[in-house]
Amino acid sequence: MYNDPTHQAANPSAPVPNANSTTNPSPGKVGVDGGVNKVDSLLSTSSALASPHNQYQQPMTNDDRNYDGDNPASSTDGNNTTLSSAALELRLTQLRSASSTLSTTLTQKLATSQSGQNLLHIGSSLSTLPPDLFTLLSTLAPFSADVTLYEESNRNELARIVSKGNDIKSMRRRCIRGRECADMLEDLCCAEVDVERDGKRRVRLELMMSGAVINVNECDEEELDELTHVSSLERAAHTTLHLVQELRSSTAEMSAFTSTQSSSNTTTNSSSSDSKNINSSNSNNSLLPSLHTPLPDDTEKAQLLLKLAPRIRTLEREVVKCLVGRLEIVLGQMKIRKMEVDSDVHDDDDDEGSKEMKKAIEDESLLMIGHCLRGLALLGTGKEAENTFARVAIMPLIRSKISMGRLDEGGSRGECAGLFSLLDDIAFSIASTFGSVLQLSEGIFAVSKNDEGVKDVPTQSPLPMEVDLVTCGVWVPIAMALMADTGIRMAIFSPGIASILQANYTALDTFLSELAVSLLRKSSSRDCSDKAGESGSNSSSFSEDNFESLYFQPIITNETIKNAQSRIYQHEKTTEFAKKWNLPIYYQLRFGECCTRLNKALVKTQRYGWNSNVFTGADTLASDMRHKEGFELSLFLELYDILLSLWKADVILRPLTHRFLRGAVQLLGRTIAFVKDGLEGSIKFGEDRSGSATENGSLSINGDASKSSVENEYHWGDRVDDVASVAWELTLLETCITHDYLQKIVSVVAPSDVANQSNMFNTEPELTELRAIISDVLVEASQEINPMIHKCWNEVIAGILTKKCSAPLSAVKGVAATYRMTNRPPPTQHSPFVSTILRPLKEFDAMFANRTPPQVGMQWKVFVVTTVSARYSVAVEELLATVQRTEVTLKSRKARRTAAGGMSDGEKVKLQLYLDYKEFAKNVEEVGVDGTSIPGVVKLESSTKEAESFQQKNVGDGN
């Protein structure tokens with residue numbers, strides 16, 4: 001027996017161990033020293049504290065070793081006296097205080113451990129714990145057994161109720177699924193009957209078309225009309241779709257059930273050998289059964305459907321076959337009626353009854369086609385509808401129209417002159433015969449961006465279409481017909497002549513861009529019949545036999561046509577069709593033609609000068625360009641006409657816009673480089689006559705031809721008239737490139753007018769960006785022109801004029817010789833050479849006053865006047881210095897002054913220079929330059945100012 005205080009409390013006769021024993025520490029020390037971390041120590045301590053006879057003993061001191069608080073008799077001993085009542089009360093108070101302190105400490109430690117917390121669940125504190133846990137457990141054992149038995153009986157009753165409830169739920173589910181299976185089986189049988197009926201009808205129709213006699217008794221007693229029969233086929237398609245979906249679901253259900261069964265068997269086998277899994281299963285069994293627990297899987301329906309799978313798959317194939325066959329029959333009947341109408345085109349005597357009957361037949365055919373298209377779309381076989389429409393309706397029509405003779409109609413062999421009319425005829429024939437079918441298809445299956453499930457489709461992606469007759473039924477057969485025949489393919493895509501290739505591409509591009517509009521736009525005859533039908537339906541009251549007003553009417557909007565055109569452009573057959581064009585070769589041919597024209601013009605200009613006529617266009621065109629653009633030199637007329645020819649309607653191909661724009665920049669750069677080289681002296685102008693004296697590139701022996709060649713060559717940059725004319729042409733060219741030429745390109749490839757965007761599949765932001773790109777390219781290409789213009793005027797022209805104006809300045813030195821020792825009278829007017837100083841500038845300014853670039857301004861003229869006046873002032877200063885030295889030398893000969901004004905020779909020279917200055921200043925003002933701002937003119941005035949007094953004196957003397 002353990003030294004357990006609980007056991008001692010339950011057995012008072014058991015000996016109490018010595019408090020000083022080291023083998024069993026006191027309960028108090030266990031609580032204080034932290035032994036409460038163990039469950040046994042906790043139970044011992046709590047029992048000792050809870051017992052009224054053992055109040056959590058403390059180690060006794062020598063004073064109270066013989067004292068027992070509960071038994072006063074035991075406090076006496078033979079060697080000790082009895083304690084007084086006061087001492088006993090004091091001792092009792094101390095023990096109670098210590099017990100309370102230790103109890104609080106133990107409670108706190110119990111609360112900090114898991115086992116202690118479990119113990120405290122019995123009581124909120126140590127004072128509320130039962131006095132003896134063993135006794136408590138023994139007392140509660142019978143009650144606990146009764147509760148266990150009651151709980152077990154309730155569990156069994158609950159399990160029985162849940163089992164009966166699950167049986168009811170299982171039977172109810174089975175009944176529901178049984179009815180579902182019965183309905184599906186009935187639908188399957190009905191669909192099979194419809195399919196069988198259609199087969200009999202088609203066989204009967206084939207016999208009728210072959211002319212065989214049909215037994216009337218073989219027909220069904222309750223024969224359905226064609227429209228009702230076709231609608232039953234669509235209903236069969238609905239039934240087939242439902243059955244196929246149920247079959248797929250059943251297959252997935254059986255697969256999941258099989259995998260679940262195999263995994264549960266594996267788990268059961270492994271749990272039988274693992275004791276932990278057994279314990280976990282026992283713990284799971286302790287969960288109460290519930291009616292909310294899902295029923296186990298029932299595969300009876302799935303098994304039935306799997307047994308019906310062959311019939312369902314057979315029905316699916318047969319329904320598709322019946323719908324396709326019925327679609328072929330209706331399309332064939334529409335073709336026959338169209339041929340009859342075309343053959344009776346001159347019979348306009350049809351009465352109203354005949355027209356209404358034809359409209360009723362047309363409406364019935366459209367209704368049947370709608371049933372067939374919807375049925376095929378339901379079964380996910382929209383491609384079958386597209387292929388059937390292409391095979392039965394479109395391909396025969398295309399084969400009857402496309403031929404090499406029709407392709408070359410109106411032109412010579414290989415020119416494809418009849419391609420435009422051929423494509424228009426095909427589009428018109430398809431629209432007039434099957435336009436209503438195409439409109440019906442678009443109205444049924446067209447999808448809008450706002451529809452549910454379509455908002456996540458990317459903007460550039462085509463909208464999904466279950467049946468797309470416009471693209472796959474019409475455009476794909478046409479493209480295949482044009483690409484299949486070798487002769488037609490070579491004639492259209494590889495004619496070998498640039499103009500024919502461009503015409504073919506333009507024809508097909510226009511046809512493709514307008515295909516959706518041509519097919520989906522209602523014809524005038526169709527509009528008239530619709531209006532007649534509407535007026536008739538409005539005039540007559542609705543009856544049970546008149547359902548025309550309830551027929552489906554397709555609504556074709558601009559968005560519908562735009563989406564159809566988008567699908568055409570983004571179809572893979574369109575991409576394949578576009579790859580057949582060898583457009584880079586076409587661009588090389590066109591660019592080669594432009595380069596040849598420009599090179600010939602440059603060579604002729606270099607040989608015969610800027611005034612040579614190198615324009616290869618018509619005279620009226622040259623006159624118009626001179627009047628509109630202002631060009632005068634024929635080289636620039638030729639260049640601008642070449643640039644404009646790149647964007648003519650019979651030249652440009654929109655996919656090659658970037659190449660043509662690059663070619664225009666290259667041609668412009670070639671011309672600018674030619675002008676720059678001539679201006680810098682890298683090339684010479686003039687007729688080279690050395691060719692007549694050379695053979696195989698070697699010069700003649702005598703060298704006469706070489707001498708003649710040198711005499712005829714010149715640098716046009718040395719001729720001021722040529723430089724000014726070229727600079728003005730460059731100014732006009734820059735203006736045209738950045739304005740008129742830009743508008744020309746934009747109007748062709750990115751027009752702002754919506755009417756001109758029929759063959760362009762670009763959004764408005766894309767067109768705006770394209771216009772900005774073209775503008776940036778042209779502005780960048782013309783950036784070299786303006787610096788060249790400034791160089792022509794401010795450097796070349798100013799330098800040439802400065803040289804010409806400076807030539808007469810050599811006569812300044814002759815002024816002194818005119819009056820030295822000649823006894824000539826004092827001058828009264830300016831020297832003749834002064835008027836010739838600025839004469840070249842005046843004449844040039846008068847000639848090119850209206851052809852001076854506005855960006856040049858007066859800078860070139862100021863430069864000429866400044867330079868010439870500076871040189872003039874230097875010459876005058878030198879002459880005055882010479883005169884001054886001469887006067888100093890002849891100072892002793894003042895007596896030799898004659899009556900000729902009484903002026904010395906030096907004074908006469910100064911007076912002449914003053915008069916010359918006045919005339920030069922006048923000429924400076926005449927050329928439009930402010931002389932007061934020119935340093936040379938100011939210097940001339942200061943140098944000759946002394947002679948002003950001589951002039952006044954001379955006037956006073958009457959000379």
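Buried means under 20% relative accessible area, exposed means over 50%, and partly exposed is in between, using a 1.4 Å probe and protein chains only. Keep that scale in mind as you click around.

**Before you start**

This is a predicted model, in which local features need pLDDT of at least 70 and side-chain atom pairs count only at pLDDT 80 or more, while totals for chains, interfaces and linings use all residues. Residues are numbered from 1 along each chain as its sequence is written, and side-chain values use heavy atoms, with hydrogens and water left out.

**The whole chain**

Show the protein chain as a cartoon: there are 35 helices and zero strands. Here helices (H or I, at least four residues) and strands (E, at least two) are DSSP runs, numbered from the N terminus. Of the 959 residues, 39% count as buried. Switch to a surface view, and you are looking at about 53,700 Å² of accessible surface, with 54% of that belonging to carbon and sulfur atoms; such areas come from the Shrake-Rupley method with a 1.4 Å probe, and for residues only the protein chains shown count as cover. Contact means heavy atoms within 4.5 Å. Among contacts in the chain with a separation of 6 or more, 78% are between residues 24 or more positions apart.

**Stop 1**

Select Phe-143, which is placed in helix 6 (residues 133-210). Phe-143 counts as exposed because its relative accessibility is 57%.

**Stop 1: cysteines**

How many disulfides does a search of the whole structure find? The search finds zero, where a disulfide is a pair of cysteine sulfur atoms within 2.5 Å. Cys-190 is in no disulfide, and the nearest cysteine sulfur, that of Cys-189, is 6.9 Å away. Cys-190 counts as partly exposed, at 40% relative accessibility. Cys-181, at 10%, counts as buried.

Now move along to Cys-416, in the loop between helix 12 (404-407) and helix 13 (419-445). Cys-416 is buried, with a relative accessible area of 5%. Its phi is near 55°, a positive value in a residue other than glycine.

**Stop 2: salt bridges**

A salt bridge is a side-chain nitrogen of Lys or Arg within 4 Å of a carboxyl oxygen of Asp or Glu. The whole structure has 34 of them by this search.

- Asp-194 and Arg-235: their side chains meet in a salt bridge at 3.9 Å, N to O. Asp-194 lies in helix 6 and Arg-235 in helix 7, so the pair ties together parts that are 41 residues apart in sequence. Asp-194 is buried at 7% relative accessible area, whereas Arg-235 is partly exposed at 48%.
- Lys-301 and Glu-246: here the N to O distance is 3.4 Å. Lys-301 belongs to helix 9 and Glu-246 to helix 7, so this pair ties together parts that are 55 residues apart in sequence. Lys-301 counts as buried, at 15% relative accessibility.
- Glu-764 and Arg-771: this salt bridge spans 3.5 Å, N to O. Glu-764 is partly exposed at 42%, and Arg-771 is buried at 17%.

Then select Asp-198, Arg-201, Arg-202, Glu-226 and Arg-326 together: salt bridges that share partners join them into one network.

**Stop 3: Glu-328 in helix 9**

Find Glu-328 in helix 9 (residues 300-343). Which residues is Glu-328 in contact with, leaving aside its neighbours within four places in sequence? They are Thr-388, Arg-391 and Val-392. Glu-328 and Val-392 are 64 residues apart in sequence, but 6.5 Å apart in space, C-alpha to C-alpha. Glu-328 is partly exposed, at 29% relative accessibility.

**Stop 4: helix 31**

Finish at helix 31 (residues 839-847), where Pro-840, Leu-841, Phe-844 and Asp-845 are the buried residues. They lie on the same side of helix 31 because they cover an arc of only 125° around the axis, the arc being that of the directions from the helix axis to the C-beta atoms.
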